[in-house]
Amino acid sequence: MSPEPRRRPAPSAVLAPRPAESEARPAEPAPEARPARPLEKKPFLLDFFPLETPDQTRLHRFYERLREGRVSTTRCLRDGELHWPPRTACPRCRSEELEWVDLPETGHVYAFSAVLAGAPLGMETEVPFAVGLVDLDGVPLRVFGRIEGRPWNSLRVGEPVRFESYDIGDGRMFYRFRTTG
Ligand SMILES: [Zn+2]
């Protein structure tokens, strides 16, 4: 028995605007017949967060410190270069002799944007949210991250923020910023 030919949509079906749901899927009940469902929390489609344990990453100390509420990074013992993100070797001198240092927890928003639509599965309930670059106080580092607290449409460049560590829900830790003004 020969396999069924692969079905391909006609080009017109690809290019044409999507028809109303009742036309496209006659087998499904009409939207009004379905029970009303609140916007539910769905599983994440993608995994944005890194692996964190010592057998998975040489940067595990960063995550261990996040669990203690500390934000840290690496500094080169040879030339003093402060890195962000944390490194396993110094990008300036290539030395692997690095030390872990705590970073200032406060900073100011350098620039930001907002995610208003198109969030991946699992993040729909979080839209809209702000992301941005934060200049940390007292060190020459500009750090990217999510910005919580003040809504995106009243956020301002220069806004004071504070580092915050949090459990992403499966035991792994990550960081974000929260407005303090
Ligand atoms: Zn170095």
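Modeller: Accessible areas here come from the Shrake-Rupley method with a 1.4 Å probe, and for residues only the protein chains shown count as cover. On that basis the surface of the chain comes to about 12500 Å², with 53% of it belonging to carbon and sulfur atoms. Keep in mind that this is a predicted model: local features need pLDDT of at least 70 and side-chain atom pairs pLDDT 80 or more, while totals for chains, interfaces and linings use all residues. Numbering runs from 1 along each chain as its sequence is written, and side-chain values use heavy atoms, with hydrogens and water left out.

Of the 181 residues, 28% are buried (under 20% relative accessible area; exposed is over 50%, partly exposed in between; 1.4 Å probe, protein chains only). The chain has 3 helices and 7 strands, which are DSSP runs numbered from the N terminus (helices are H or I, at least four residues; strands are E, at least two). They follow the order α-α-α-β-β-β-β-β-β-β.

Now the part I'd zoom in on, the zinc site. Its protein donors (N, O and S atoms within 2.8 Å of the metal, or 3.2 Å for Na, K and Ca; water is not among the atoms, so sites may look incomplete) are Cys 76 (SG), Asp 79 (OD), Asp 79 (OD), Cys 90 (SG) and Cys 93 (SG), at 2.3 to 2.6 Å from the ion. Written along the sequence, the donor residues are spaced C-x2-D-x10-C-x2-C. Asp 79 and Cys 93 both sit in the loop between strand 1 (72–76) and strand 2 (98–102), so this pair ties together parts 14 residues apart in sequence. Asp 79 is partly exposed, at a relative accessible area of 27%, and Cys 93 is also partly exposed, at 22%.

Beyond its neighbours within four places in sequence, Tyr 175 is in contact (heavy atoms within 4.5 Å) with residues including Phe 62, Leu 66, Trp 84 and Val 143.
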